Amino acid sequence: MSDSPVLYQVDGAVATITLNRPDVLNALNTALMLALREAVEKAAADAAIRAVVVTGAGRGFSAGADLASSSGGTGNAGTTLRERYHPVILAMRAMPKPIISAVNGVAAGAGMSIAMAGDIILAGRSASFLQAFSKIGLVPDAGSTWFLPRYVGDVRARAMAILADRISAQDAQAFGLVWQVHEDAELLPKAQEMAQRLAAMPTRAYAMIKQALNDSHQRDLATQLELEADLQVEAGKTEDFREGVAAFLQKRPPQFKGR
Ligand code: LHQ
């Protein structure tokens, strides 16, 4: 396998981005974060890609910041986070196509933040989730304090951040963090199957769904209603909407083009 810290593989309209430092459970160093940013931006910019899978090589998804590298230390954590992590998290949220996080093993610290920046989280049976930060005297970062209360509620988010207990895939699903749990060997095939399904759907509507949901907690109802109406006008102008309605009326499967 390539020794590049991030692999980028394309199958039809699906890009699979693999964190690839398996010897250290895909701990995040500068080279990996730069390559991850490049991969995320490439998938976002390529109109031929209509769904993305993010996963990890080996037995981990990601153990979070590489504590053995200089950028994993806290001396320049602000710069590291702002320059290396925030662009990745923001680019994943802004990605105008769905991202499936296929969590194949432990997702710890900022590795868990990256998993949570995806739109749908699938987990392998032996995967686990760990807000590791407080164990080493740090605070959750890279979006964990934003995603976690929204996904699992404030009570569980506080317990996870404060206790830093490892949460099983099964418990994470019960918490609402994980959409589906699959047998380990089935995780990647299932994630890619879901991505292929999404890649054949109306991609521009997905981009607008993400836009509507990304910050909906910050908007009041009246503002959100306005945003929905504006986006619906845009969605109504797409070729895929015309095709969706035509296919429904003609009682045939739609052929969406992502336009
Ligand atoms: C690792 C790591 C790792 C290096 C396992 N680094 N080598 C902070 C600062 C600045 C900017 C950005 O953001 C952040 C936020 C953060 O992400 S802070 C949180 C960092 N992550 C952690 O504190 C988790 C540390 N790792 C662990 O607690 C365990 O490794 C877990 C629970 C993830 C997995 O445990 P095991 O399955 O028992 O595996 P292991 O501990 O044996 O690890 C396997 C190898 O990976 C081992 O190397 P070795 O040479 O002994 O085989 C570890 O040293 C290495 N590794 N995490 N974060």
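Me: Contact means heavy atoms within 4.5 Å. Leaving aside its neighbours within four places in sequence, which residues is L177 in contact with?

Reply: This is a predicted model: local features need pLDDT of at least 70, side-chain atom pairs count only at pLDDT 80 or more, and totals for chains, interfaces and linings use all residues. Residues are numbered from 1 along each chain as its sequence is written, and side-chain values use heavy atoms, with hydrogens and water left out. With neighbours within four places in sequence set aside, L177 is in contact with M112, M116, I121, F129, L148, Y151, V152 and A172.

Me: Which residues have the most contacts inside the largest nonpolar core?

Reply: A nonpolar core is a set of buried Ala, Val, Leu, Ile, Met, Phe, Trp, Tyr and Cys residues joined through side-chain atoms within 4.5 Å. Buried means under 20% relative accessible area, exposed over 50%, and partly exposed in between (1.4 Å probe, protein chains only). The largest core has 48 residues. Those with the most contacts inside it are L36, F129 and L177.

Me: How many residues does the second, separate core have?

Reply: Its members include V14, I100, L122 and L198. The count for this separate core is 14 residues.

Me: How many of the five residues of strand β7 are buried?

Reply: Strand β7 spans residues 120-124. It is mostly covered. The number of buried residues is four.

Me: How many bridges join β7 to strand β10?

Reply: Two strands pair if DSSP finds at least two bridges between them. Strand β5 (residues 99-103) runs parallel to β7 and is joined to it by four bridges, with V103 opposite A123. Strand β10 (residues 180-182) also runs parallel to β7, and L122 stands opposite Q180 there. The bridges between β7 and β10 number three.

Me: Why is one side of β4 and of β9 left without a neighbour in the sheet?

Reply: The sheet is open, with four strands in the order β4-β6-β8-β9 and mixed pairing. β4 (60-62) and β9 (167-168) stand at its edges, so one side of each lacks a neighbour: each has a single partner strand.

Me: Which residue stands opposite V106 in β6?

Reply: Strand β6 covers residues 106-108. Two bridges join it to β4, and the two run parallel. The residue opposite V106 is G60.

Me: With which residue does D66 form a salt bridge?

Reply: A salt bridge is a side-chain nitrogen of Lys or Arg within 4 Å of a carboxyl oxygen of Asp or Glu. By this rule there are eight. In the one at D66, the closest N and O atoms are 2.8 Å apart, and the partner is R21.

Me: How many residues apart are D66 and R21?

Reply: D66 sits in the loop between β4 and α2 (77-94). R21 sits in the loop between β2 (14-19) and α1. The pair links distant parts of the chain, with a separation of 45 residues.

Me: Is D66 buried or exposed?

Reply: The relative accessibility of D66 is 8%. That value counts as buried.

Me: Which residue meets E239 in a salt bridge?

Reply: E239 belongs to helix α10 (residues 239-249) and is partly exposed at 34%. The side chains meet at 3.2 Å, N to O, and the partner is R259.

Me: How many residues apart in sequence are the parts that R259 and E239 tie together?

Reply: R259 lies in the segment after α10, while E239 is in the helix. The pair therefore ties together parts whose sequence separation is 20 residues.

Me: Which polar atom of A63 is 2.8 Å from a nitrogen atom of the ligand, backbone or side-chain?

Reply: A residue is near a molecule or strand if one of its heavy atoms lies within 4 Å of it. By that rule 25 residues surround the ligand, the closest being R59, A63, A65, L67 and A110. At A63, the polar atom 2.8 Å from the ligand nitrogen is backbone.

Terms used. Polar contact = N/O pair within 3.5 Å; in protein donor to acceptor, adjacent residues only side chain to side chain.
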